[in-house]
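Welcome to this short tour. Please open your viewer, get the selection tool ready, and follow along stop by stop.

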Amino acid sequence: MSAINPDQTTAARLAGMMRAPEPPRVDDPVTKDGSLVEDPAVRAPLVLGNRTFNDVTETVCGYIEKGPGRWWMPAFGLASSVASITGLMVGYLIITGVGVWGLNNHVDWAWDITNFVFWIGIGHAGTLISAILCLLKQKWRTSINRAAEAMTIFAVVCAGMFPGIHIGRVWMAWMLFPIPNSNAIWPNFSSPLLWDVFAVSTYATVSLLFWYMGMIPDFATLRDRAARRLMRQGDNAPTLPIVGVRVDQLRALIYGALSLGWRFSSRHWHTYEKAYLMLAGISTPLVLSVHSIVSFDFATSVIPGWHTTIFPPYFVAGAIFGGFAMVLLLLIPSRILFPGMKDLITLRHLENMAKIILTTGFMVGFAYAMEFFVAWYGANAYERDVFVYNRLMPPFLAGEDGKYAPYWWAYWTMIACNVLSPQVFWIKSMRQSPLVIFIVAFLVTIGMWFERFVIIVTSLHRAFVPGEWGMFYASWVDILTFVGSCGTFLTLYLLFTRFLPQFAMSEIKNVMPQANPHWEGYGHHGHGHSAGGAAAGGHATHHAPQAPKEGI
Amino acid sequence: MANKKIYKTESGELVYGVMAEFANPAELSHAAEKVRDAGYTKWDVYSPFPVHGMEEAMGMKQTNLPILVAIMGLSGATIGFLFQLFVRHMAYPIVHQGKPSDAWQVLIPVTFEFGVIFTAFSALLGMFVINGLPRWNHPLLRKDRFLGVSDDRFIIAIEAADEKFDAQGVKTMFEKAGATAVELVTEEADKRKVKAAH
Amino acid sequence: MSQLTSHMSDSQSGDHAAAHAHGVDPALLRHENTHLPAGWGKGLMGLLGVAGVACLGLTAAYPFVAGGEGEKAAKAAKHAMASYHVGFITALGIMLGALAFVLIMHLVKAGWSVTIRRQAENLASLMPLGVIFALPIVFFGGKLFKWFDPALAKTDTLLQAKSAFLNPTAFYARLVVYFVVWCYLAFRLRGYSLTQDKTGEKSLSNKASWTSAWGILAFALVTAFAGVDLLKTLDFHWFSTMFGVYFFAGCMLSAIAVLALLMVLIRSSGKLEGLFTQEHSHDLGKLMLAFMVFWAYVAFSQYFLIWYANIPEETAWVLQRGGGSLTNAWTPVFWILCIGHFLAPFPLLIIRKSKQSFTLISLFAVWLLVMQIVDFFWIVRPMVYPDKYIAPNDVVTISETTLGLTWVDFTGALGPVFILLAAAIWKMSRVPLIPLKDPRLPEAATHKNYV
């Protein structure tokens with residue numbers, strides 16, 4: 001098949017009428033799908049199945065153009081009905097007042113802020129994964145970054161709702177921003193809660209920019225495919241029912257507008273890559289700052305269990321931990337549900353993410369341990385009591401005095417899920433099994449929710465004087481609001497899988513071997529190449545006439 | 001520059017330039033080196049992804065975007081700092097938790113966020129400005145062959161605006177460089193004509 | 001061309017890559033390019049060694065030179081000891097950071113850093129020198145750590161509450177554990193690497209990764225507690241959960257600075273041509289920048305949370321070091337740290353050229369190393385001036401302090417660092433300059449930053 005005169009099948013594929021044929025599946029006893037290479041001299045392939053550039057385009061665009069499959073509509077229906085609960089609960093809350101939640105005078109922050117920190121943590125992970133892995137030049141990020149970034153935006157949407165509704169009088173929310181008003185009142189810039197407003201809104205904006213910027217070339221691909229089909233099919237192009245607009249006309253219009261006329265020029269790419277790197281460079285400290293600022297909400301106070309200096313990096317590590325877990329929760333089913341995705345998200349990708357879960361699991365474990373040690377070492381009676389009698393001590397281990405921590409089950413759920421469950425990843429077969437990874441990721445997600453619950457509720461429910469003591473019990477509105485937020489998240493994610501490219505196509509193509517002009521598959525065109533072989537050192541100067549001069 | 005030539009086709013359409021397709025990134029890089037060495041200035045290479053080493057192969061200069069972004073980021077941070085100081089120290093001074101109203105420490109978090117948001121916007125918008133985007137309408141985007149770039153094709157185009165441009169010479173050079181197809185690109189005013197042509 | 005084709009090994013399917021895995025140009029790996037001649041750098045080594053020993057000698061002599069009796073003599077001894085402690089911690093920190101570098105690079109299976117790794121292995125394997133440096137603490141620990149005093153344990157309630165941790169026996173036992181863990185990891189990983197130089201056995205790389213996986217956990221725990229033991233307990237009333245991370249950030253930064261210096265030194269003697277290029281220098285510079293920012297992040301978070309919450313037992317430590325609104329002699333040092341350790345170098349180091357040029361990166365490395373010494377000085381030295389435990393509302397005591405800066409502060413801080421550098425140069429010529437047969441060497445040899 002020549003590139004210029006394709007055969008019939010290829011022509012049909014180019015015209016978007018056929019899926020690319022499935023390549024033969026590899027099932028090697030050692031490397032499984034071919035990605036679990038043990039040899040330290042060999043980097044695992046990032047795209048399996050000897051895929052061409054066109055295959056990648058077809059696979060990714062196929063999810064949008066041909067639809068994800070029959071499962072999508074029922075799944076979307078279910079998710080959006082759950083999401084609608086959010087609306088009902090928020091409406092009920094605003095009409096009735098925050099009394100419908102289980103909050104009380106002792107525990108005045110509970111599920112609302114737990115959910116906020118839980119979602120914002122997941123929301124931090126996406127950009128962090130994408131930006132940090134980009135800075136570290138981790139090529140395997142190309143398969144997961146888009147989904148992770150999308151997930152970020154949706155999680156921030158869910159997170160942003162909670163502080164908004166927990167302030168009580170929602171219609172006064174504009175006072176969070178420094179808007180000049182007739183009372184000459186300005187917000188208090190020394191309050192961590194105000195920093196939160198700025199941090200979260202900056203974060204949402206920059207994440208959106210980062211996400212959008214990555215998608216510009218992919219929008220252009222979708223635009224061009226639609227345009228080409230229109231050229232070929234002419235008046236026979238399929239139309240939308242009722243409205244009668246040609247589907248591809250609509251796609252060319254919408255994706256075309258979003259692509260801003262991107263035309264894959266190398267001069268553009270040069271500036272684009274620089275700008276993208278700078279966005280990644282600024283996103284990394286941004287994410288760190290935002291979750292640190294969220295931790296300041298607690299750590300700047302004097303409440304035992306809240307005021308501890310390790311909170312900022314500990315919260316950030318927790319965000320990566322919980323975020324990778326959520327990415328895995330979304331991608332492992334996606335690999336099964338979307339055809340051809342197993343070539344793009346290999347077992348190696350999953351294994352790498354499992355290793356990161358193990359590492360960050362240890363980081364949060366380290367922080368738990370350090371908090372405990374310093375609570376003891378600081379020799380402050382309140383600190384010691386918060387850790388032992390608010391969190392740790394189960395009733396069956398209580399001493400003679402019968403003192404125990406009423407929330408011991410929350411604490412131990414957190415430890416079991418966050419510290420113990422990832423330990424299975426020490427075993428190679430466990431971290432290479434999608435099912436096991438999925439289960440652990442699920443446990444970690446639960447554990448991370450409990451971590452925030454433990455921090456917030458157990459510290460508050462017994463503060464300095466016993467007169468302030470009291471328990472917290474979640475109300476049905478608390479529970480349904482949280483369930484609803486999960487539905488909102490899933491609904492948005494499902495919409496993303498349907499209408500936006502789930503993979504950064506241009507980036508994936510860039511890490512495929514044939515993307516390198518010096519790939520040995522080329523190299524025989526009478527340009528003086530000699531593939532491999534050590535004798536040809538002299539050619540380096542010939543082919544890189546403008547090689548940068550070394551310093552000194 | 002005085003005698004700027006204007007190229008037209010026989011049917012009287014303005015010529016945008018000549019584009020040539022190459023089989024793969026390796027061919028593309030070699031061809032780009034040749035175009036660079038031939039001394040053309042108004043030309044570009046189009047590929048579905050940024051080909052490594054293309055900056056060198058094309059003899060491109062490093063972009064000045066980072067300087068712009070750095071200046072914008074620092075100004076953003078300064079604006080944020082001064083704004084907060086104005087609010088906390090002058091417009092609405094309140095003693096809060098015993099902190100002096102001019103304490104610099106509490107201003108750091110929001111100052112940082114201001115710096116970040118200025119940096120992010122200037123990186124993205126600066127990229128748009130330098131690249132001349134958005135530009136939804138471009139002669140190349142009307143070529144069926146060119147639309148393949150967004151999938152898996154590799155194209156070099158030399159503009160007629162280039163001083164050294166000479167349609168025949170450019171075609172010969174491309175063919176020598178191993179182009180798999182060479183096409184003339186016109187600045188068509190009427191879209192329907194394009195459609196008919198295809 | 002061979003370099004360029006072998007670059008492909010990072011992203012292609014098995015058989016192809018395997019065929020070209022050892023595609024480093026043999027010209028680059030020739031003996032003269034990868035080895036220093038025996039006895040190389042004697043002059044520099046001698047200079048640093050003599051300077052180091054002289055510094056240590058002067059530091060030891062300080063109490064006698066300063067003279068005085070009773071309280072004044074005790075203070076002079078304490079001053080000398082504290083100054084030496086700054087140097088000891090800096091030298092130890094460089095070795096620990098180098099060990100962390102080796103652990104991390106093995107753990108993430110990094111390719112680009114292979115040609116730098118050997119120098120980090122050398123630095124980490126100087127750990128026995130750290131044991132020798134720690135000996136003065138064994139003999140004169142009481143001058144450094146107030147809580148060694150059994151009489152104090154009877155009167156100080158806080159000390160009683162934590163006496164299970166803060167007693168000399170437990171302290172020495174912990175130090176032994178720390179050094180055993182560090183030495184074991186350093187020697188084991190360097191051993192793998194040196195064996196691989198001879199045998200070329202690829203599985204050793206996998207073994208090193210595995211060792212690093214559990215090794216980094218042990219390292220993190222032990223190093224955090226070492227930070228607590230050696231620095232935090234100097235003021236045993238004070239506590240901060242962040243401190244271990246803060247210590248680690250400083251260690252990493254100083255180690256990367258020293259690595260950059262060593263690599264440029266090797267390169268300027270004409271070795272490692274094509275194996276340590278401006279691309280490697282660029283990435284090393286990026287790591288330097290990253291850890292500088294990380295240090296600033298951790299340092300700010302710790303300071304800020306203590307400042308904001310304003311709890312007396314925590315704030316005292318910061319007030320003593322000039323970080324409050326009440327200024328004292330330490331306030332300029334506090335600001336030197338803020339500006340010199342982060343604000344000034346940040347906008348300069350972020351420029352690509354600063355990281356790619358060997359001259360500029362060396363300048364930054366020296367600057368940041370000096371700043372790291374100032375950081376440890378800022379942590380350790382207030383135990384001498386002001387000597388007192390400050391109550392936060394004790395305005396007079398805070399504002400009347402002096403730095404008491406004298407020559408012993410320089411000799412004490414620089415002595416161990418000079419000796420460490422001399423030892424690092426000595427190690428350099430004894431083994432190949434890079435892991436010659438590391439399976440990822442081709443990647444390092446062709447490493448290039450495209451964007």
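A residue counts as buried when its relative accessible area is under 20%, as exposed when that value is over 50%, and as partly exposed in between. Keep in mind as you go that this is a predicted model.

**Stop 1: a helix in chain A**

Select Glu351(A): buried or exposed? Its relative accessibility is 3%, so Glu351(A) counts as buried.

**Stop 2: a network in chain A**

Stay with chain A and select Glu58(A), Glu65(A), Lys66(A), Arg225(A), Arg229(A), Asp248(A) and Arg251(A) together. What links them? They are joined in a network of salt bridges. Side chains of opposite charge can pair when their charged atoms come close.

**Stop 3: where chain B meets chain A**

Show chains A and B side by side. Here 79 residues of chain B are in contact with 75 residues of chain A. Together the two chains bury about 7,000 Å², and carbon and sulfur atoms give 66% of that area. Across this interface there are 2 salt bridges. One of the residue pairs to pick is Arg228(A) with Asp144(B), which form a salt bridge whose closest N and O atoms are 3.3 Å apart.

Which elements of chain B give two or more residues to the side that touches chain A? They are α1 (25-37), β2 (43-46), α2 (54-58), α3 (65-91), α4 (108-131) and α5. Colour α4(B) if you like, as this helix gives the most, with 16 residues. By class, the side of chain B that touches chain A divides into 43 nonpolar, 18 polar and 18 charged residues.

**Stop 4: a tie within chain B**

Next select Arg145(B) and Glu183(B), a salt bridge with its closest N and O atoms 2.7 Å apart. Arg145(B) lies in helix α5 (residues 144-147) and Glu183(B) in strand β4 (residues 181-186), so this pair ties together parts of chain B that are 38 residues apart in sequence. Arg145(B) is partly exposed at 24% relative accessibility, and Glu183(B) is partly exposed too, at 22%.

**Stop 5: where chain C meets chain B**

Bring chain C into view. Its contact with chain B takes 10 residues from chain C and 12 residues from chain B. The two chains bury about 1,100 Å² between them, 69% of it on carbon and sulfur atoms. Select Trp307(C), Tyr308(C) and Tyr450(C): these three supply 50% of the area that chain C buries against chain B, more than any other three residues.

How many salt bridges are there between chain C and chain B? The count is 1, and you can find it by selecting Glu56(B) and Lys448(C), with 3.5 Å from N to O. On the side of chain C that touches chain B, α13 (278-309) and α15 (331-343) each give two or more residues. The largest share, 5 residues, comes from α13(C).

**Last stop: a helix in chain C**

Finish with Arg118(C) and Glu121(C), whose side chains meet in a salt bridge (2.9 Å, N to O). Both are buried, and both lie in helix α6 of chain C, residues 114-124.

Technical notes: Residues numbered from 1 in each chain as written. Chains lettered and ligands numbered in written order. Predicted model: local features only at pLDDT ≥ 70, side-chain atom pairs only at ≥ 80, totals over all residues. Heavy atoms only, no water. Contact = heavy atoms within 4.5 Å. Buried area = accessible area lost by both parts, 1.4 Å probe. Salt bridge = Lys/Arg side-chain N within 4 Å of Asp/Glu carboxyl O. Helix = DSSP H or I, 4+ residues; strand = E, 2+ residues; numbered from the N terminus. Buried < 20%, exposed > 50% of the residue type's maximum accessible area, 1.4 Å probe, protein only. Nonpolar A, V, L, I, M, F, W, Y, C, P; charged D, E, K, R; others polar.
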